[in-house]
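Subject: Structure handover, with notes on the ring contacts

Hi,

Here is the structure I said I'd pass on. Have a look at it first, then read on for what turned up.

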Amino acid sequence: MPFLINETGQGPVDLYYKDYGQGKPVILIHGWPLSHQAWEGQMQTLLDAGYRVIAYDRRGFGLSSQPLDGYDYSALASDLREIILQLDLMDVTIVGFSMGGGEVVRYFTDYEGDRISKAVLIGSIIPLVAQKPDNPDGVPAEMLDGILEALKSNRVGFLKDFHKNFYNYENNTDRMSRANLDYDFSIASHASPIATIKCAEAWAGTDFRSELKNVSRTTLIIHGDEDNIVPIKTSSDQAAKGITANEYHVISGGPHGLILTHRKEVDKLLLKFLEK
């Protein structure tokens, strides 16, 4: 597929995307540190159901440009905005997985949900990952600092084992194969090292709690109750309280990477929501 260009203060950023099918558009925003390829299953499900599916690589990942700067959430939301405008999309459902939930919420903050009809958050980091005095269930600072240090000192080594915990692999060998881990490692290891680190800083350090009120469209929230990467209490439990119009589903036994391990459950909820 072609590239779209977002002209930014740091210069042009090429965004690689795939645009398949007809019908109402659904934009899929991938998690860290992967690419649009993480949505392989959902893309097929949505296409089979008659939707137009747009999946793109976040700047710094996949086949998109790898600029030095521009990894804060407003810059990332501006990339989403360019996709919507340049493809002239209307009545859009935006779906954010993990880190991608940040683009969803920031889009409502920066662009007031223009052209959006529905939103979906799956295993999302929204509203706050980090542990703070008023967010005791968050991830402790020393753990987040450890991730950043590992990315800076031994990024490829860190990524080699990261997705075992991402999928709770030992508990889900009946739902995925070792090849899935190898595939994810290949995708993640080829991402920009700078983008990998700066995006980790963004999802670990951005507090979206004050922005939840800006999400003005009906929102589907899905989270696994065994998510070891983004604890449910610091994320979707809070998002469901802060987003006025929402439909919240907890998937029993679901790890962080539930779009793969619990694809059938996720896809069923997604299609039901889109059909309303």
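Predicted model: local features only at pLDDT ≥ 70, side-chain atom pairs only at ≥ 80, totals over all residues.

Below are my notes on the aromatic pairs, the lysines over rings, the annotated domain and one serine.

**Aromatic pairs**

The structure holds 9 aromatic pairs. Take Trp32 and Phe162 to begin with: their ring centres are 5.4 Å apart and the planes meet at 80°, so this pair is edge-to-face, given that anything over 60 degrees gets that label. Where do the two residues sit? Trp32 is in the loop between strand E3 (25-29) and helix H1 (40-48), while Phe162 belongs to helix H4 (residues 141-166), so the contact ties together parts that are 130 residues apart in sequence. Are these two buried or exposed? Trp32 has 3% relative accessibility and therefore counts as buried, and Phe162, at 10%, counts as buried too; the cut-off for that is under 20%.

Tyr73 and Phe208 make another edge-to-face pair, because their planes are at 75°, with ring centres 5.0 Å apart. Tyr73 lies in helix H2 (residues 73-86) and Phe208 in the loop between helix H6 (193-205) and strand E7 (219-224), so here the parts tied together are 135 residues apart in sequence. Both Tyr73 and Phe208 are buried.

Which residues do ring pairs link into a cluster? They are Trp32, Trp39, Phe97, Phe158, Phe162, Phe166, Tyr167 and Trp203. So the Trp32 and Phe162 pair, edge-to-face as noted, has both its residues in that cluster.

**Lysines over rings**

Two lysines might interest you if you care about charges over aromatic faces. Lys118 lies over the face of Phe273, 4.9 Å from the ring centre. Lys160 does likewise with Phe185, at 4.5 Å from the ring centre.

**The annotated domain**

UniProt, in an unreviewed entry, places "domain: AB hydrolase-1" at residues 24-262.

**One serine in H4**

Back to helix H4, which also holds Ser153. Is Ser153 buried or exposed? Its relative accessible area is 55%, so Ser153 is exposed, the cut-off being over 50%. What does its side chain reach? The side chain of Ser153 reaches the backbone oxygen of Glu149, at 2.9 Å.

Cheers

Technical notes: Residues numbered from 1 in each chain as written. Heavy atoms only, no water. Phe/Tyr/Trp six-rings, centres within 6.5 Å; stacked < 30°, edge-to-face > 60°. Helix = DSSP H or I, 4+ residues; strand = E, 2+ residues; numbered from the N terminus. Buried < 20%, exposed > 50% of the residue type's maximum accessible area, 1.4 Å probe, protein only. Lys NZ or Arg CZ within 6 Å of the ring centre and 35° of its normal. UniProt positions renumbered as here; feature names shortened; annotations may be inferred. Polar contact = N/O pair within 3.5 Å; in protein donor to acceptor, adjacent residues only side chain to side chain.
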